[in-house]
Amino acid sequence: MSKQHWGFVLGGLLVALLLAGVVSNFASSQPDGLDSSLRDGCVFDAEENVIGGSCPAQAAREHELGDSPLADYGIRGIGNDFLSTGLSGVAGVLLTFAVGGGLFRLVRPRDGGRPDGEVAGTARATAAGLKG
Amino acid sequence: METVAMHISNGIINGPVAAAFAVFALGALAGCLLRARQGLNDRLAPMAGLVAAFIFAVQMLNFPIFTAGVSGHLLGGALAAMLVGPWVGALCVAVVLVVQALVFGDGGIAMLGLNITNMAILGTAVAYGLIALLLRVVPRTAGGLAVTAFVASVLSVLVAAMGFVAQYRLGGTTDLGAGFGALTATMAGSHVLIGIGEGLITATTVVTVAKVRPDLVHALRGRPLTAPAVPVPVTEGAR
């Protein structure tokens, strides 16, 4: 694989790391579309406890791994919110890249895969051009 | 304690329905894996890993949607379908959801099949269908690509949201009675707005990649964008 291609992948990773590591701290902390739909009908206090009404969100139960060290996009033990969110984002990007990249590498055909569609496409186009 | 939940949490949909969707999602992902395999090579594998990592990052960026107290975030199906195609794309979104459920406590593990069905499978499938259709009619320019990405995003987010509504109809743990209509309406309304945000992010990202490395945009099938329509004098006949 070319140096240029790895350059693109590394550049993309850098952007993802900046987004998850820094920009994530400026994200909205309001519930998302799904969560807010499920909270419709309930009244919440500042600690997110239901203090009145009824809504589908009340049926929510604990997450199986809710005490994971990275649960809720933070790092347990780090008091500084900015650092905790940012580092958990960095960890998530690297982990997702490793799991995703690893999976796709693992399942690709043994011979390293067919040449790219790009190459095949170019070859086809050239052949067609020569014929015409 | 304040928890961050972006996906379906445990307890929202009952066990049997969640299990049925887990079986469905597993089957669908196995199918994607078989189809994806043929196209994978040493070059595409790291690119696909990057797409998954990028979706993870952007999902953390909840944006306000101009409805009081509600935010939205990227789901990623349209972006993945544009950049790496439907089969690898669905797997990319699924990888993100699995990492989020297993490591970040986001989206119940028992609910993973439901979340994967809505966002990885439905979201990517709808997006890809629209992309394939639209790219036949729009010009192969940055603008055409952006419009395609935008429309595919809005509808893929809306369909993913309706996937949840259907699942809630089948196995929602709270009997909403007549309130089900209201849930459907709120989900649809908020997700049209979220879809617009998703559309802007997807269009910007895809057009950027298309300008730098058009060969890495699956939807372009290896051909670069053409410059915006400049009237080309017809000289064919003269020659």
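Modeller: Residues are numbered from 1 along each chain as its sequence is written, and chains are lettered from A and ligands numbered from 1 in the order in which they are written. Since this is a predicted model, local features need pLDDT of at least 70 and side-chain atom pairs count only at pLDDT 80 or more, while totals for chains, interfaces and linings use all residues.

Colleague: What makes up the pattern of chain B, and how many helices and strands are there?

Modeller: Chain B has seven helices and two strands, where helices (H or I, at least four residues) and strands (E, at least two) are DSSP runs, numbered from the N terminus. Along the sequence they follow the pattern α-α-β-β-α-α-α-α-α.

Colleague: Why is chain B called as compact as a globular protein of that length?

Modeller: The radius of gyration is taken over C-alpha atoms, and the globule rule is 2.2 Å times the number of residues to the power 0.38. For 239 residues the rule gives 18 Å and the radius of gyration of chain B is 19 Å, which is close to it, so chain B is as compact as a globular protein of that length.

Colleague: Why is Ala161(B) called buried?

Modeller: A residue is buried if 20 or more other C-beta atoms lie within 10 Å of its own, exposed if 12 or fewer, and partly exposed in between, with C-beta atoms placed from the backbone. Ala161(B), which lies in helix H6 of chain B, has 28 other C-beta atoms within 10 Å, and is therefore buried. Buried residues make up 59% of the 239 residues in chain B.

Colleague: Which residues is Ala161(B) in contact with, leaving aside its neighbours within four places in sequence?

Modeller: Two residues are in contact if their C-beta atoms, placed from the backbone, lie within 7 Å. With those neighbours left aside, Ala161(B) is in contact with Met187(B), Ala188(B) and His191(B), and also with Gly33(A).

Colleague: How many residues does each chain bring to the contact between chain A and chain B?

Modeller: Chain B brings 66 residues and chain A brings 61 residues. On the side of chain B that touches chain A, H2(B) gives the most, with twelve residues.

Colleague: How do you know what confidence the predictor has in chain B?

Modeller: The pLDDT is the predictor's confidence in each residue, from 0 to 100. Chain B averages a pLDDT of 92, and 93% of the residues score at least 70.
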